[in-house]
Amino acid sequence: MKAFMTAAVTASRYDAGNIDYEAHQVEGQTGVFVIFERWESREALEGHLQAPRMQDLVPQLLELMDGSVEDGIRFLQPFRPER
């Protein structure tokens, strides 16, 4: 999984609308990974997910992971506390 993610992450950084795309391994949990992604818009994310490259990668990813991709996706809403 780590080798797969390493190869897949770099290309995604160049997709239109990408702000940040980083792979992480959870410390102390062998085989547990997180990809943190930031996109300019939901439309940019959808474009990334529909890219031909991603259509080829997702089946490979599913073979390597437990569960589904959708089970692991969390959308975060940034905020800044008032001073």
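Me: Before we start, what does "buried" mean here, as relative accessible area?
Reply: Buried means under 20% relative accessible area. Bear in mind that this is a predicted model.

Me: OK, take His48. Buried or exposed?
Reply: Buried. His48 has a relative accessibility of 2%, and the cut-off is under 20%, so His48 counts as buried.

Me: Which helix is His48 in?
Reply: Helix α2, which covers residues 42–50.

Me: What does the His48 side chain make a polar contact with?
Reply: The side chain of Asp15. The distance is 2.6 Å.

Me: And which residues does His48 touch, leaving out those up to four places away in sequence?
Reply: Ser12, Asp15, Tyr21, Glu37, Trp39, Arg53 and Met54.

Me: Switching to Asn18. Where does it lie?
Reply: Asn18 is in strand β1. Asn18 is also buried, because its relative accessible area is 16% and the limit is under 20%.

Me: Which backbone oxygen lies 3.3 Å from a polar atom of the Asn18 side chain?
Reply: That of Asp20. Setting aside neighbours within four places in sequence, Asn18 is in contact with Ser12, Arg13, Arg38 and Trp39.

Me: Now the hydrophobic side. Which residues make up the largest nonpolar core?
Reply: There are 6 residues: Phe4, Met5, Ala8, Ala51, Met54 and Leu57. Two elements, α1 (2–12) and α3 (52–64), each give two or more residues to this core. α1 gives the most, with 3 residues.

Me: Pockets next. How much space lies in the largest pocket?
Reply: About 1600 Å³. The lining of the largest pocket has 41 residues.

Me: Which of those lie nearest its centre?
Reply: Ile35, Glu37, Gly72, Ile73 and Arg74.

Me: Which elements give two or more residues to that lining?
Reply: α1, β1, β2 (33–39), α2, α3 and α4.

Me: Last topic, confidence. What does the chain average?
Reply: A pLDDT of 90, and 100% of the residues score at least 70.

Me: Where is confidence lowest, and where highest?
Reply: Lowest in helix α4 (residues 69–72), at a mean of 82. Highest in strand β1 (residues 18–25), at 95.

Key
Residues are numbered from 1 along each chain as its sequence is written. This is a predicted model: local features need pLDDT of at least 70, side-chain atom pairs count only at pLDDT 80 or more; totals for chains, interfaces and linings use all residues. Side-chain values use heavy atoms; hydrogens and water are left out. A nonpolar core is a set of buried Ala, Val, Leu, Ile, Met, Phe, Trp, Tyr and Cys residues joined through side-chain atoms within 4.5 Å. Buried means under 20% relative accessible area, exposed over 50%, partly exposed in between (1.4 Å probe, protein chains only). Helices (H or I, at least four residues) and strands (E, at least two) are DSSP runs, numbered from the N terminus. pLDDT is the predictor's confidence in each residue, from 0 to 100. A polar contact is a pair of N or O atoms within 3.5 Å; within protein, one must be able to donate a hydrogen and the other to accept it, and residues adjacent in sequence count only if both atoms are side-chain atoms. Contact means heavy atoms within 4.5 Å. On a 1 Å grid over the protein atoms alone, a cavity is a set of points where a 1.4 Å probe fits but cannot get out, and a pocket is an open set with protein on both sides within 12 Å along at least five of seven lines; lining residues have an atom within 4 Å of a point. Grid points are joined across faces, edges and corners, and a volume is the space filled by probe spheres set on the points.
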